[in-house]
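Look over the sequence and the model below. The report that follows walks through the fold, then some of its helices and residues.

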Amino acid sequence: MQAKLTTRLMQAALAAGTLATLSACAGSTEGKDVAYVARDVESLYASAQERLDKGNTLQAAALFDEVERQHPYSPWARRAQLMSAFSYYIARDYNKAIQNAQRFLSIHPGNKDAPYAYYLIALSYYEQISDVNRDQKITEQAQTALREVNRRFPQTEYAADARLKLDLVADHLAGKEMEIGRHYQRMGLWLAADMRFRNVVEKFDTTSHTAEALYRLTESSLALGVPAEAVKYAAVLGANYPGSEWYERAFKLVDKNASGVTAS
């Protein structure tokens with residue numbers, strides 16, 4: 001589904017019309033296509049497009065780079081820059097995809113295809129998001145890039161997709177906070193755990209982790225000797241997630257350890 005969306009958005013972003021009319025002029029061997037051979041810009045671009053259409057994405061990227069190298073002042077060079085970034089993205093060489101898209105934006109910041117370049121950068125970070133047990137630097141970079149797409153081009157299809165992905169990124173970051181908080185709890189570091197769960201409630205309150213975070217705050221508050229805070233968190237949990245397992249557990253916990261205590 002992601003590939004179909006990316007292809008469709010790429011076609012929309014690069015609706016120049018001339019792509020479909022180019023004739024394929026690939027050489028007799030793959031090596032000759034990528035090696036430096038001076039040729040006119042149209043046939044060179046067509047060779048790159050043909051390789052991309054056949055799924056030879058890294059060869060396509062190299063040939064699109066060659067378009068710019070051999071014909072740097074041609075209008076084709078500008079288009080080839082972005083097509084090279086797209087080819088690297090499809091090949092899952094995300095660092096080069098980001099580099100080429102950023103280079104395109106630095107040279108052509110006001111180009112009509114700039115929205116797609118920003119979107120491609122965001123996708124390249126997003127595709128590298130790892131599981132919650134690993135460092136989340138890439139996740140944060142994806143979040144920043146997706147927000148930039150939404151901020152700059154809020155009415156575009158790119159922004160609509162970015163907003164959907166931002167929800168998933170937030171859930172991922174919240175999951176990381178929860179994982180760290182639970183780890184601190186197991187070690188008896190209740191204050192450190194409390195801070196992580198507060199982050200989830202304050203920064204990621206629309207994610208799927210909020211109910212558990214409120215329950216964990218109830219636990220931490222009791223462990224820290226602040227029962228009034230525990231009652232408060234349990235009340236918030238009950239008001240927002242009355243039928244959840246987490247509220248039932250929080251209710252039993254407070255009833256057992258803070259019966260008769262008033263919320264702070």
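## A term to start with

A residue is called buried when its relative accessible area is under 20%, and exposed when that area is over 50%. A helix here is a DSSP run of H or I with at least four residues, and helices are numbered from the N terminus. Keep both terms in mind for helix α4. Its buried residues are Thr 57, Gln 59, Ala 60, Ala 61, Leu 63, Phe 64, Glu 66, Val 67, Glu 68 and Gln 70.

## The whole protein

This is a predicted model. The protein has 13 helices and zero strands. Read along the sequence, its pattern is α-α-α-α-α-α-α-α-α-α-α-α-α.

The protein has 264 residues, and 47% of them count as buried. Its accessible surface is about 13,600 Å². Carbon and sulfur atoms hold 52% of that surface. Now take the contacts between residues at least 6 apart in sequence. Of these, 59% join residues at least 24 apart.

## Helix α4

Helix α4 covers residues 57–70. It has 14 residues, and 10 of them are buried, so under the 20% cut-off the helix is mostly covered.

## Helix α5

Helix α5 runs over residues 75–90. Its 16 residues should span 22 Å at 1.5 Å a residue. The end C-alpha atoms are 23 Å apart, which agrees. Of the 16 residues, 13 are buried, so α5 is largely enclosed by the rest of the structure.

Look at both ends. At the start of α5, a side-chain oxygen of Ser 74 comes within 3.0 Å of the backbone nitrogen of Trp 76. Just after α5, Arg 92 has a positive phi of about 65 degrees.

## Ala 77, inside α5

Ala 77 lies in helix α5. Is Ala 77 buried or exposed? Its relative accessibility is 3%, so Ala 77 counts as buried.

Which residues does Ala 77 contact, leaving aside neighbours within four places in sequence? They are Val 67, Glu 68, His 71 and Pro 72. Val 67 and Glu 68 are among the buried residues of α4. Asp 65 is 12 residues from Ala 77 along the chain, and their C-alpha atoms are separated by 8.4 Å.

## Ala 97, in α6

Ala 97 sits in helix α6, residues 94–107. With 0% relative accessibility, Ala 97 counts as buried. Set aside its neighbours within four places in sequence. Ala 97 then contacts Ala 85, Tyr 88, Tyr 89 and Ser 124.

Ile 121 is 24 residues from Ala 97 along the chain. The C-alpha atoms of Ala 97 and Ile 121 are separated by 7.2 Å.

## Gln 143, in α8

Gln 143 belongs to helix α8, residues 137–152. Its relative accessible area is 12%, so Gln 143 is buried. Not counting residues up to four places away in sequence, Gln 143 touches Leu 166, Val 169 and Leu 173.

## A patch on the surface

Now turn to the outside. Leu 191, Met 195, Leu 224 and Val 226 make a nonpolar surface patch of about 370 Å².

Met 195 lies in helix α10, residues 190–203. How does its cover compare with the cut-off? Met 195 has a relative accessible area of 52%, so Met 195 is exposed.

How values were computed
Residues numbered from 1 in each chain as written. Predicted model: local features only at pLDDT ≥ 70, side-chain atom pairs only at ≥ 80, totals over all residues. Heavy atoms only, no water. Helix = DSSP H or I, 4+ residues; strand = E, 2+ residues; numbered from the N terminus. Buried < 20%, exposed > 50% of the residue type's maximum accessible area, 1.4 Å probe, protein only. Contact = heavy atoms within 4.5 Å. Expected span 1.5 Å × (residues − 1). Patch = residues over 30% accessible without salt bridge, like charges linked within 9 Å, V, L, I, M, F, W, Y side chains within 5 Å. Areas by Shrake-Rupley, 256 points an atom, 1.4 Å probe, with all protein chains shown as cover. Salt bridge = Lys/Arg side-chain N within 4 Å of Asp/Glu carboxyl O. Polar contact = N/O pair within 3.5 Å; in protein donor to acceptor, adjacent residues only side chain to side chain.
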